[in-house]
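Here is a short tour of a protein chain, written for someone who likes to look at the atoms while reading. Keep the viewer open and follow along.

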Amino acid sequence: MTKSSKKPPKPSPFRPLPAYPGPSISWSPIVPNPEWEMTIAGDLFEQQTELLEKLVELPRRSAGLIYIDSCGGNAYVGLALASIIRLRGLKAAAVVTGECSSAALMPLAACRERYVTPHASLLFHPIRWQSDDQLKLEEAVEWARHFRWMESDQDQLLARLFNCSVELITEWSRPGRFLSGKELADAGLAHLLDLFDSHDLWQQIEKHRSQLAHKKGPDRQTVLAWA
């Protein structure tokens, strides 16, 4: 009985190629162009109707940019602007171009992203009650009670919108303090923009979002992309 002999296999004409490197795990957030731009400027009480109508006319859940240069005004108007921004799901980024004081702080705090220049000014102070009406004693007492409640409520609301402690808002508001844009950014409540940067506003915002995304990881992508 003879052993069967096997012929050696012929060499393959194909050579294996090294594995191609896969896609990088790093990612960049999608930064869409804003769908709209608007301004909040001047005295809020004088601009009340126009500003509220502008916000209501914007598409719900849309993304856009709000430029703010306002000395404030009526606390109720500031509250209404902030409420509409939040209730309509507007994915707004705010840019303080000059001043943002008093009641104008409310719509600023209500925006998802906040940007300031180092030269911007922001005044925090308690609610001021001013009335030219002739009030009876009972009405004056009720106004005092209401404003005491409203002052505390708005401090807490402002702190929640800014995502900071009530103690910080109280420290700035009692008796009142002007903050520069840099001070607000140093407190972590806004991000700085450079007027003399070679990149324009959109590129600076995109750069900031990209840096923040890599720090925070992919879980932040949806928020950074205004999704």
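Let us start with S70, which is buried, with a relative accessible area of 1%; buried means under 20% relative accessible area, exposed over 50%, and partly exposed in between, using a 1.4 Å probe and protein chains only. A word on the model: it is predicted, so local features need pLDDT of at least 70 and side-chain atom pairs count only at pLDDT 80 or more, while totals for chains, interfaces and linings use all residues. Residues are numbered from 1 along each chain as its sequence is written, and side-chain values use heavy atoms, with hydrogens and water left out.

**S70 and its surroundings**

You will find S70 in strand β2 (residues 63-72); helices (H or I, at least four residues) and strands (E, at least two) are DSSP runs, numbered from the N terminus. The S70 side chain reaches the backbone nitrogen of G72 at 3.0 Å, a polar contact being a pair of N or O atoms within 3.5 Å where, within protein, one must be able to donate a hydrogen and the other to accept it, and residues adjacent in sequence count only if both atoms are side-chain atoms. Setting aside residues up to four places away in sequence, S70 touches I40, A41, G42, L44, E99, C100, S101 and A104, where contact means heavy atoms within 4.5 Å.

**The chain as a whole**

Stepping back, the chain has eight helices and seven strands. It contains 227 residues, and 37% of them count as buried. Among contacts with a separation of 6 or more, 73% come from residues 24 or more positions apart. The chain exposes about 14800 Å², of which carbon and sulfur atoms supply 53%; the areas come from the Shrake-Rupley method with a 1.4 Å probe, and for residues only the protein chains shown count as cover.

**Cores and aromatic rings**

Which residues touch the most other members of the largest nonpolar core? They are I66, L108, F124, F162 and L184, in a core of 43 residues. A nonpolar core is a set of buried Ala, Val, Leu, Ile, Met, Phe, Trp, Tyr and Cys residues joined through side-chain atoms within 4.5 Å. Beyond residues up to four places away in sequence, L184 touches L108, V116, L122, F124, W172, L179, L189 and A190. There is also a second, separate core of six residues, including A93, V95, L193 and I205.

The structure holds two aromatic pairs. Rings of Phe, Tyr and Trp (its six-membered ring) pair if their centres lie within 6.5 Å; planes under 30 degrees apart count as stacked, over 60 as edge-to-face and the rest as tilted. F124 and F162 form a tilted pair, at 6.5 Å centre to centre with 40 degrees between the planes. This pair links distant parts of the chain, with F124 in strand β5 (residues 121-124) and F162 in helix α4 (residues 137-162), 38 residues apart. Ring pairs join F124, F162 and W172 into a cluster.

A92 sits in strand β3 (residues 91-100). Its C-alpha atom is separated by 9.4 Å from that of W36, 56 residues away along the chain. Apart from neighbours within four places in sequence, A92 is in contact with W36, G64, I66, C111, R112 and E113.

How many disulfides are there? The count comes to zero, with a disulfide taken as a pair of cysteine sulfur atoms within 2.5 Å. For C111, the nearest cysteine sulfur is that of C100, 9.2 Å away.

H208 lies in helix α7 (residues 201-216). Leaving aside neighbours within four places in sequence, H208 is in contact with Y115 and H191.

| Residue | Relative accessible area |
|---|---|
| A92 | 0% |
| F124 | 1% |
| F162 | 2% |
| C111 | 3% |
| H208 | 16% |

**Backbone notes**

Most residues other than glycine have a negative phi, and most peptide bonds are trans. S102, in the loop between β3 and α3 (105-110), has a positive phi of about 55 degrees although it is not a glycine. N163 also has a positive phi, of about 60 degrees, and is not a glycine; N163 is found in the loop between α4 and α5 and is exposed, with a relative accessible area of 70%. Finally, a cis peptide bond joins R174 and P175, with omega about 0 degrees. P175 is placed in the loop between α5 (166-173) and β6 (177-180).
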